[in-house]
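Thank you all for coming. I would like to walk you slowly through one structure, starting with its strands and ending with its ligand.

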Amino acid sequence: MIYTVTLNPSIDYVVRLEKMDLDAVNRIEEDFKLPGGKGINVSRILKQLAVPSTAWGYAGGFTGKYIADWLTEEGITTDFSEVSEPTRINVKIKADHETELNGAGPLVSPEARLELEEKFATLTADDVVVLSGSKPPSLPEDYYQQLIALVQKAGATFVIDTTGQELLTSLKSNPLVVKPNHHELADMYGMKASGMTDLIPYGKQLVADGAQYAIVSMASDGALFFDGNAVYHGWSPKGTVKNSVGSGDSMIAGFVGTYLKEKDALAAFRMSLACGSATAFSDDLAKATEIQALLPTITIKKLEEIA
Ligand SMILES: Nc1ncnc2c1ncn2[C@@H]1O[C@H](COP(=O)(O)OP(=O)(O)O)[C@@H](O)[C@H]1O
Ligand SMILES: O=P(O)(O)OC[C@H]1O[C@](O)(COP(=O)(O)O)[C@@H](O)[C@@H]1O
């Protein structure tokens, strides 16, 4: 079973308007409210790939209920640990500029923590845990490391999608795959990348430091893939971007879901590209038909062998 862990879910309130004026009242032309948070998005795309998963994490209040109800409606098993403050609402403004306002997140009580942590004792060696996204501020700095220790105690596998030092520290525990985007990779290593070539040494480093596979996503330029033996570049044909929120999460789902079924890392990378772009080309996360339509159009090129 795949368990997704979203410590900080969100309702993503996506608003469209032609132009956003600061210091003025702006009228929204179109808006929608979607369940969000990285692990939740992974579970939703896995569902489209017919891969079962259970969504764990902290949810509370009317916003937490909105998310849990939506997932249940889609046939996704949820087992959230309840917090008393409402789950956050993240605002995604699509105007002349794209602006995201992500909330800090609710207080997580010691009881809620214990409830989630106890679930980890039920994991087995066949399970994969996807740890994704930011932490509410009340959780300790090293919280992901604590959860990774619980995954490892159970002999299960983990995937981690976070940023900065937290991601770097997790590499030594051998995640199945990590997927920073190009900006996150640059920030992690304190470098400035002016193109794809500049990213390659740092992608290799993710694998050298312990990740089994690494994907470095580059939005409309596709992604780099590192498996320890070679470096690949993959991309989809250009399309009309409607809402790229959740593209990175879709990639993770595409990779993990396909890798577990086929044990073929390049096939998994191909699917991850199809899922990422199909999500960018739709308002909500991608649907199965949209993913399957893009899959045959994905190009993957080997850039170099690693000696
Ligand atoms: N504008 C786009 N056109 C085509 N594909 C896209 C676009 N934006 C994202 N994608 C796809 O989704 C993947 C993840 O997007 P990216 O923006 O790099 O990640 P994140 O959402 O984590 O920041 C990309 O590697 C690409 O495959
Ligand atoms: O936990 P964070 O880092 O604040 O991110 C949460 C946000 O990221 C998302 O999961 C989307 O992530 P990606 O665009 O990176 O795939 C949104 O649904 C959510 O609003």
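Two strands are said to pair if DSSP finds at least two bridges between them, and strands themselves are DSSP runs (E, at least two residues), just as helices are runs of H or I with at least four residues, numbered from the N terminus. With that in hand, strand β14, residues 230-235, is joined to β15 by six bridges, and the two run antiparallel, with Ala-230 standing opposite Glu-305.

Before going on, please keep in mind that this is a predicted model, in which local features need pLDDT of at least 70 and side-chain atom pairs count only at pLDDT 80 or more, while totals for chains, interfaces and linings use all residues. Residues are numbered from 1 along each chain as its sequence is written, and chains are lettered from A and ligands numbered from 1 in the order in which they are written.

Turning to another sheet, four strands form an open one in the order β3-β2-β7-β8, with mixed pairing. Because β3 (30-36) and β8 (98-101) stand at the edges with a single partner strand each, one side of each is left without a neighbour in the sheet. Inside it, β2 (residues 10-16) and β7 (residues 88-94) run parallel, joined by seven bridges, and Ser-10 has Arg-88 as its bridge partner.

Finally, which residues are closest to ligand 1? Of the 17 residues that surround ligand 1, the closest are Ser-217, Ser-220, Ser-247, Gly-248 and Gly-276, and helix α9 gives the most to this shell, with four residues.

Terms used: A residue is near a molecule or strand if its C-beta atom, placed from the backbone, lies within 6 Å of it.
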